[in-house]
Amino acid sequence: MLNLFGLTLSQLQELCLEQGFPKFTARQLCDWLYAKGVSEIDAMTNLSLKVRARLKEIYVVNRPTPVNCQVSKDGTKKYLFPYQLDNSTTQQFNNSTVHYFETVFIPEEDRATLCVSCQVGCKMGCRFCATGAQGFHGSLSAGEILNQIFSIPEFSKLTNIVYMGMGEPMDNYDAVMQSIAVLTSDWGLGWSPHRITVSSVGVIPMVKRFLDESECHLAISLHNPVPAERVAIMPMQRAYPISELVSLLRRYDWSHQRRLTFEYTMIRGVNDDEAHAVKLVQLLKGLNCRVNLIRYHDSATDPNFKASQPLTIQRFQSFLNKQGITCTLRTSRGEDIMAACGLLAKVKGRDA
Ligand code: SF4
């Protein structure tokens, strides 16, 4: 059965045309699926019985609830979803292993952010990231991405969505953009795109498309300004050099509401000395952006990697700020439940 949840207005219009349904049915479907959030075709009571019966022959509203929720002492919650291989955009695999993906709810005083996954595992292989170490198991559909948002009890409290969970959003571009269309269109949730941030290691052609086709914020995983060193921790540097990416980013206007952030995980003795700070300033000078430092979480991946010392992080941050680059230190959230940055991976005892 195909999943109705996650389809855009134009996809639903096409479906209605194919099935000979009245034209206005597509808008009614959007209303039920996204504004009212129903999970049964039978609950769509303003559709005729005939339309509902035909829909049920082909479609379902696939809205699975999370199978587990861990709560951190800081209030962060990590939800676990089974990977269902439920549609044609999902890659099929010939093994019987059940995989899971994770979603992290981060409550703060003035906002409530949800960090969503777009893939199960990741192909990018960043050495400091537990998701990268897990390998790649498939890409999520738009419905599976959106369901992470719609199915949690905190849905109505959410103020921001960040595509920074498992996977590389630019490697699942169509599904990510389809989910953003549902979040931001008047027939969907009608959110401002400025409530959404999408991250990337910097897949240049897709970042360009994203900048041309959306107004959401962009966060680039930078982590080392020295190409020869960056490639050692981020293999994608070979195909998409950071200098070329920054040249592309300089062609766009960042002076208005759209925000550009560079994520920088501080790893002791790897990317955290003064020479790195100087190179980083040279790379980003004149670009309207901010740098977000992230303390490396020791349990993330490579046992040789350690978190930078707090004083080193402080010096790095203040050097950048003095050089005119706004630099913040991201508060670590949910570390005790392995929900912090770089820690998302399969949950022990859950995988078959
Ligand atoms: Fe993939 Fe992001 Fe982890 Fe790199 S940091 S391996 S892109 S999930």
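**View 1. Cysteines without partners.** The number of disulfides here comes to zero, a disulfide being a pair of cysteine sulfur atoms within 2.5 Å. Cys30 is in no disulfide, and the nearest cysteine sulfur, belonging to Cys16, is 9.0 Å away. Cys30 is buried, with a relative accessible area of 1%. Cys69 is in no disulfide either, and its nearest cysteine sulfur, that of Cys115, is 15 Å away. Cys69 is partly exposed, at a relative accessible area of 32%. (Buried means under 20% relative accessible area, exposed over 50%, and partly exposed in between, using a 1.4 Å probe and protein chains only.)

A note for all views: this is a predicted model, in which local features need pLDDT of at least 70 and side-chain atom pairs count only at pLDDT 80 or more, while totals for chains, interfaces and linings use all residues. Residues are numbered from 1 along each chain as its sequence is written, and side-chain values use heavy atoms, with hydrogens and water left out.

View 2. Around the ligand you will find Cys122, Met124, Gly125, Cys126, Cys129, Thr131, Gly132, Gly167 and Val201, where a residue is near if one of its heavy atoms lies within 4 Å. This shell divides into five nonpolar, four polar and no charged residues. (Ala, Val, Leu, Ile, Met, Phe, Trp, Tyr, Cys and Pro count as nonpolar, Asp, Glu, Lys and Arg as charged, and the others, Gly among them, as polar.)

**View 3. Ser117 in its loop.** Ser117 sits in the loop between strand E6 (112-115) and strand E7 (119-121). (Strands, E, of at least two residues and helices, H or I, of at least four are DSSP runs numbered from the N terminus.) Ser117 is buried, with a relative accessible area of 0%. Its side chain reaches the backbone oxygen of Glu102 at 2.5 Å. Beyond its neighbours within four places in sequence, Ser117 is in contact with residues including Phe101, Leu140, Ile145 and Met166, contact meaning heavy atoms within 4.5 Å.

**View 4. Asn160 in strand E9.** Asn160 lies in strand E9 (residues 160-163) and is buried, with a relative accessible area of 12%. Not counting residues up to four places away in sequence, Asn160 touches Arg111, Ala112, Thr113, Leu114, Trp191 and Arg195. Asn160 and Pro193 are 33 residues apart in sequence and 9.6 Å apart in space, C-alpha to C-alpha.

**View 5. The buried face of helix H7.** Ile204, Met206, Val207, Phe210 and Leu211 are buried in helix H7 (residues 204-213). Seen down the axis, these buried residues fall within an arc of 165°, so they line one face of H7; the arc is that of the directions from the helix axis to the C-beta atoms. Their cover includes helix H6 (173-184), strand E10 (196-200), strand E11 (217-221) and helix H9 (242-250).

How values were computed: Polar contact = N/O pair within 3.5 Å; in protein donor to acceptor, adjacent residues only side chain to side chain.
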